[in-house]
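Look at the structure below.

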Amino acid sequence: MHDTLRINGQRLISRLERLGEIGALPGGGCCRLALTEEDRQGRELVISWMYELGLQVSSDAMGNVFGLRPGTEDSPPVMTGSHIDTVRTGGIYDGNLGVLGGLEVIETLNEAGIVTRRPLCVAFFTNEEGARFAPDMMGSLVYVGGMSLDDALATKGIDGQRVGDCLEQIGARGSEPVGNPDVHAYVELHIEQGPVLEESSITIGAVEKVQGISWQEFCFTGTSNHAGTTPMRLRHDAGYAAMATGSFVRELANRIGGDQVGTVGALQMEPNLVNVVANQASLTVDLRNTDNDRLKQAEAELLDFIERLAEREGIEVQHRTLARFDPVPFDTDMIDCVEASAKAFGHSVMRMPSGAGHDAQMLARVCPTAMIFVPSVDGISHNINEYTAPEDLEAGTNVLLRVLLDLAG
């Protein structure tokens, strides 16, 4: 039965499409920012599916949700899952596949009458994206004790709302404690969100590690003045400082090379008028690298550049860290299990790093952890055109099925 068992690919896709209808965007994709009304509706739908599958559903004080399928012994569960919140221009696969793939595994086992030795648990974590509240992976970070619940609940979002208030408003704050989980192992199925698997014509990625992430915000204060009458040599232009920083981030990433990437994702200027020198400008910088020393090098060079820039231009700068996570290696035995399971199905497989952050990197603090990647067409994600072929969705979920059975016994 272990060798012949397969998930129902069409049923998985139907659930992905149904969840994608909540917060649907014109032209495809969806917007379910964390702890919004759309997030509430998505949570209710997924929880209803958990109950339909006979899972024991619970939620903790951070709004993380768990659907438990008991095993023949009372022991720490083998957990799988991801998140169902999205960025503002999200697709229907990012995060959702890991959660709904887990539910598809449960339904497949139910239909086959298979009860595992260890319990199985399907989870989805609050505010993985960090698009509304920084840092990203907040729910899983609090779950493993890496951030205090009080600090998380007090965090203000881009709209000025607090996490704790929003949890209460959508009825998502549960009663279970956080910070000391007892989990046997964690496996996360996810789309790659990059081009490597597709370019290599590989079906399954056995993820070896997640790269380090540094999110920073810089706010420049200069002097607002007339764009036509103020000589260039007398300007204190906050807008120029922001744009020079953006250009430097690109040059820095190219110069360091390797796995180093750098992005200016958000930029705001005041008074934001065509004929006025900006007196206020703020921007975010996202630096990532699989090598922590090189990531630290990039951070140091960026700060040095901005300090010298601000002094030269006669402007003030304020800086704060939004998120900072070191690179995370995954458990070697778990990676071996993913690779062996893929090969058992006859799928091509490669070991690879993850360029995006995932809840799995937080769970790696408390239990053996691994990830399964499936290809993203054209490497596109965080975009309404995000797409993974049905056969790849099915292949990845079958690998998840086999890995979970191997781990749960």
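Ala, Val, Leu, Ile, Met, Phe, Trp, Tyr, Cys and Pro count as nonpolar, Asp, Glu, Lys and Arg as charged, and the others, Gly among them, as polar. This is a predicted model, where local features need pLDDT of at least 70, side-chain atom pairs count only at pLDDT 80 or more, and totals for chains, interfaces and linings use all residues. Residues are numbered from 1 along each chain as its sequence is written, and side-chain values use heavy atoms, without hydrogens and water.

On a 1 Å grid over the protein atoms alone, a cavity is a set of points where a 1.4 Å probe fits but cannot get out; a pocket is an open set with protein on both sides within 12 Å along at least five of seven lines; lining residues have an atom within 4 Å of a point. A volume is the space filled by probe spheres set on the points.

| Space | Volume | Lining |
|---|---|---|
| Largest cavity | About 40 Å³ | four nonpolar, two polar, three charged |
| Second largest pocket | About 450 Å³ | 13 nonpolar, seven polar, five charged |

The lining of the largest cavity includes D39, R43 and F124. In the second largest pocket, S58, F66, P77, Y143 and D182 lie nearest the centre. Strand β2 (65–69) gives the largest share of that lining, three residues. Strands (E, at least two residues) and helices (H or I, at least four) are DSSP runs.

Now the helices. α2 (residues 37–52) and α3 (residues 96–112) pack at about 15°, with axes 10 Å apart. So α2 is roughly parallel to α3 (angles under 35 degrees). Axes are lines fitted to C-alpha atoms over the stretch in contact, and angles run from 0 to 180 degrees between N-to-C directions. V46, W49 and M50 in α2 meet V99, L100 and L103 in α3 (heavy atoms within 4.5 Å). These contact residues divide into six nonpolar, no polar and no charged.

Terms used: Angles under 35 degrees count as roughly parallel, over 145 as roughly antiparallel, 65 to 115 as roughly perpendicular and the rest as oblique.
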